[in-house]
Each structure stands twice: as structure tokens, then as C-alpha cells.
Amino acid sequence: MKSVQLVGQEVRLLDQRRLPGDVTFINCRDYREVARAISDMVVRGAPAIGLAAAFAMVLAAEQACAKASSQAQLLAFLDTAAAELRQTRPTAVNLNWALEEIMAVARSAGREEICVRVRARAEEMAAQDEAMNRRIGHYGQSLLPEYCRVLTHCNAGALATGGYGTALGIIRAARQAGKKIEVFVDETRPLLQGARLTAWELVQEGFATTLICDNMAACLMSAGKVDAVLVGADRIAANGDVANKIGTYGLALLAQAHNIPFFVAAPASTIDLQTRDGSDITIEQRHPREVTHIAGIQIAPEGVQVWNPAFDVTPNRLVTAIVTDRGVLEPPYGDSLAKEFCDQAMTYSTGVGICWT
Ligand code: MRU
């Protein structure tokens, strides 16, 4: 099931807030509706957010093509739309990457062809995302033994991407390669992406899936029940520091303490060579209500203060390998990332691509 689709003049989003109970879709006819849906977590997961933004730009372009008379007016409108979309969620770099890609196409197209070319590029990006995930799966599955108990966090599955998933793509590919895979899923407070989304994806496909509360991971590892930790990423800095769902850093520390490999899976669009290290990554802070409430029920007293960062940064020294669509990268990540992705940084449409290494 696709979580993000462009259907005619609408962006169709699977409402991930309502899973697993209800499978419902929200149809957006205006780029601002997509922006709201991204902020409100109707659509979430770094690659899926990027695709939603790219599709939103198609709506913006078609709106502008119908109204704006000159190319300059059209591009100005698209710049405004991109700026609004960029603000919705600051940590996942895929959002910015997708907007840059679309703006590069728009700027290079003539007045008459902007809409056609923006739509074509957005559709191509969606297809490429799924293809990249399948390559990640192919490379990543080779890291897992024939019988492997994997612990994963949040949702880095089909729902979070253009299809197949990054971390879950590796799990899918490993099973396809004939390996016996069992998956432990962190529930992932505050918004429970593990319990609601990852468990939903895996159970539907018949994986042996065991849900744990986030505070059970250490105990599970000390009991010898985890062979590998496998997570996605929202942004990977030039030195290999990884921003991902809050709680990932804790898992990485636990994995190190128990001598368990810690793997990160991500497509090229998540790699940000323009960010030198994790300290330069903006971490999104979200509403206190996500912590004080579960499924609309208040679980904490009125007046309590809340700290609610959506992501944390795992330092590169805790990451055993980064699995990308171009292969498995090993430390030192400053070197391995630059070798594979410097060309990408240098061709960013902004022209300010920098390789720090
Ligand atoms: O806040 P979310 O649900 O958008 O956070 C998602 C994650 O942290 C995922 O692990 C990450 O985006 C990778 S998805 C392939």
C-alpha cells in the first residue's frame, strides 16, 4: 500500500495517525493542505515526507501555471511554496532535498514546460525511492546471518517511504534470500510508530514480530535475544552522525554495551554532506500533548512540563555500518560517505554543495 500518491490533481495520503485501526486517506488539492498534513504527521518518515513535498510542488506549479503570466512570477510562487513546505519538519533532510530537486527542474524549464516537467520529476522521484530501497535491501541483507533476531525502532518501512522501506526493506530482502528473520519492535513513544506502523506492516506479511516497550531493550539484549539492531535515518551528516527517531541513540549505546552490531539504512536523499556533523542538525521539538496524552487520553497531570524532541543524534562511533543504495559503508564515515556521495553534494541545485572531507 502506498502512503503517498499523486492522483490527477490531488495528493493522496494514507492517514498514518489512524493506523492500525483505520485505513483512511486524505486527499489534498492544494500544496498548503499537504504542508499541514506533513506537520500533523498524516504522512511521516523522511523519504515519504520528501515525496509528499515533491507532489505538493506539483499542485503548486499547476496552480501557478493557471494564474501567473510570466516565468518569473511562476518561479516566485514556487519559491514561496517551497519555503512553506520546508518549514513543516526541519530534521529530515529528504524534505529539503526533494524541494531542491523540484526547484532545479522548474528553474531549468521554459515557461510552457514547467508544469509537465515538475510532475514528471516528482513521479520519477517516487519510483526511484522504491528502487533505492530495494537496492538497500539487497546490500543490507548480506549483513544479517541466516538466523537473525533484529531489533528495530520507529517505522522505516513501506509506510515511511515510496515503498518497500529502508530498515524494513533489509528485513524483507533477508527473508526473500531465504534467511529466518524474527523482529523485535520498539513501541516508540511518544507517537508509537513502532507499535502502530512497523508491527502492522510486519504482522500483515507474516513475520515473527514481537512488540516491546522502549524501556525493555536493555533487558532483551542482556537476555541474548538480539543479533542486530537495524534502524532508518532522517539525516546523516558528512561525518556519519545519524539523526533518527528519539530513542535511537539509547539503542545504539545499548547495542555497543552488549556487543551487538548497530546498522543504519538510508537512501542517498537522506545523506547530507553539507552538514558537517550531528551538532549542526536541527532537532524538531514537538507539542507537549504528544507526551502527556496517549490516543487522546491524558496520562500526566495538568501543569507538568514536557521536553519532546522528535529525534536524537547517534554519534558515528556507535554505528557499525551505514547501508545505502550504493552499498554498505563502513567507518571512517567521513571518507566512505565522501567517496560515494560527494558528486551528489556538488550537484545540489543551490550550487553551494560542499564536501567537508
Ligand atoms: O517522526 P517520524 O515518524 O517522521 O520519524 C521517522 C523516523 O525517525 C524514521 O526512522 C526515519 O524517517 C527513517 S524512515 C525510512
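User: What is the distance from the ligand to the side chain of Asp-234?
Analyst: In this predicted model, an N or O atom in the Asp-234 side chain lies 2.8 Å from an oxygen atom of the ligand.

User: And what about Arg-89?
Analyst: The Arg-89 side chain has an N or O atom 2.8 Å from a ligand oxygen.

User: Lys-245 too, what's the distance there?
Analyst: For Lys-245, a side-chain N or O atom is 2.7 Å from an oxygen atom of the ligand.

User: How much of the ligand's accessible area does the protein cover?
Analyst: The protein covers 100% of it; on its own, the ligand has 420 Å² of accessible area.

User: Where does the ligand sit, then?
Analyst: The ligand is in the largest cavity.

User: Which elements give two or more residues to the shell around it?
Analyst: Those are helix H2 (46-67) and strand E9 (242-245).

User: How many residues surround the ligand, and which are closest?
Analyst: There are 18 residues around the ligand. The closest are Arg-44, Arg-89, Asp-234, Asn-244 and Lys-245.

User: How do the shell residues divide into nonpolar, polar and charged?
Analyst: The shell has eight nonpolar residues, six polar ones and four charged ones.

User: Why does the ligand count as lying between the domains?
Analyst: Because the shell around the ligand takes residues from both domain 1 (4-133) and domain 2 (142-345).

User: Switching to the backbone. Which residues does a cis peptide bond join?
Analyst: Leu-19 and Pro-20 are joined by one, with omega at about 5°. Pro-20 belongs to the loop that runs between strand E2 (10-14) and strand E3 (25-28).

User: What about Pro-331 and Pro-332, what kind of bond joins them?
Analyst: A cis peptide bond, with an omega of about 0°. Pro-332 is in the loop between strand E16 (327-329) and helix H11 (333-346).

User: Last one: what is the phi of Thr-188, and where is that residue?
Analyst: Phi is positive at Thr-188, about 70°, although the residue is not a glycine. Thr-188 is located in the loop between strand E5 (180-186) and helix H7 (193-204).

Key:
Residues numbered from 1 in each chain as written. Predicted model: local features only at pLDDT ≥ 70, side-chain atom pairs only at ≥ 80, totals over all residues. Heavy atoms only, no water. Near = heavy atom within 4 Å. Polar contact = N/O pair within 3.5 Å; in protein donor to acceptor, adjacent residues only side chain to side chain. Areas by Shrake-Rupley, 256 points an atom, 1.4 Å probe, with all protein chains shown as cover. 1 Å grid on protein atoms, 1.4 Å probe; cavity = no way out; pocket = protein on both sides within 12 Å on 5 of 7 lines; lining within 4 Å. Sits in = over half its atoms within 2 Å of the grid points. Helix = DSSP H or I, 4+ residues; strand = E, 2+ residues; numbered from the N terminus. Nonpolar A, V, L, I, M, F, W, Y, C, P; charged D, E, K, R; others polar. Domains from an automatic or database assignment.
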